[in-house]
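Dear colleague,

Please find below the structure for your review. My notes on it follow directly after.

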Amino acid sequence: MAKKRPQTTARRPQLSDAEVPVVGAREPCPCGSGRRYKACHGRAAAHAVTELVQRPFEGLPGEGDWVALRELVPAATVALPLKGGLPEGVPSVTLATVLPMAWPALRRDDGSVLLGLQNDTASGDISRDLADTLQRALVAEPGTPVQSRRAPADGPRLQELLDPEGTFEPVVHAGFEFWVPEAENASPEVTASLERANAAAIPTVKLQGVDAAYWCETPDKNHLRWVMPYPEEQLLDGLARLHAAGRSGLGEGTRLVGSFRAHGLTVPVWDLPSGFGADDVEKPAAEFAERLTAALATDAPLTADERRARGGLTNRQVTLS
């Protein structure tokens, strides 16, 4: 008898990581490994989606203002210029701190788009989540909100959709009336949401003389919260030098009390007297910016007093995100 040849199984060609499509978690991985997708390339895809991006707004015009509107400012809007211009039928795209009913985005009846910034996001990259929401809003039916979802791991980020040469100029509002151009036509749900949002809004004003600084009024005292673009360690050294020298305030009765850490940037916070308004802090803030620039340019080791001041500022630092 002729000797039987051993049967062979043709191997499935291996795909590169970039060529592997997304499938169900329990399905065989398309790469041909024989394992389920979730235990093979799905693991890397899930990690890419959930990995935290420390500075999601880095590279966008007005990074400090993006951080402020995400974490600190109750009611504000910004016109967003898109790379390549607006699509047909979309007269405008506007970023808003909050939208009614906490919608991620809204395509208005006239085709314009409102994109909400202060929403929970499904991944660790806020920029990718917002870009996905924006893309879906641009093609949504007019008059409909856009629901939240997990953005694809390989989807674009805001840095790829927005015009890098465009401006980012927030307009701070006293309330959320910008939600409803014709309030009398708003639904009862939106009207109730508007009333709740207005009741919770803290009066806030953006300073004009320096970047990304916001005055706000609270019942006991006022505050200045200033998102700064410098590396954290360098900024804390500079603030410590000024604090130890008694030059970290913004005028009589004001005090640098600590800082927030938000989206990769540091946000120093000052207490202000209750009668100290936004106009009153404009000149002191500009003068402080000059003092800080000089302090940041100093590379001498911190003195003992400056190290103590730095320790105090670090102990009073709160991480928002």
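A contact means heavy atoms within 4.5 Å. By that criterion, residues 24 or more positions apart account for 60% of the contacts in the protein with a separation of 6 or more.

Please note that this is a predicted model, in which local features need pLDDT of at least 70 and side-chain atom pairs count only at pLDDT 80 or more, while totals for chains, interfaces and linings use all residues. Residues are numbered from 1 along each chain as its sequence is written, and side-chain values use heavy atoms, with hydrogens and water left out.

The protein has 8 helices and 12 strands (DSSP runs, numbered from the N terminus: H or I of at least four residues for helices, E of at least two for strands). Of its 321 residues, 45% count as buried (under 20% relative accessible area, with exposed over 50% and partly exposed in between; 1.4 Å probe, protein chains only). The protein exposes about 17300 Å² (Shrake-Rupley method, 1.4 Å probe), and carbon and sulfur atoms supply 51% of that area.

Two backbone positions deserve mention. Most residues other than glycine have a negative phi. Ala102, however, has a positive phi near 60°; Ala102 lies in the loop between β2 (93-96) and β3 (105-107) and is partly exposed, at 49% relative accessible area. His263 also has a positive phi, near 50°. His263 is in the loop between β10 (255-262) and β11 (265-272), and is buried, at 6%.

Finally, Gly311 belongs to helix α8 (residues 304-315) and is partly exposed, at 27%. Gly311 and Ala240 are 71 residues apart in sequence, with their C-alpha atoms 8.4 Å apart in space.

Yours sincerely
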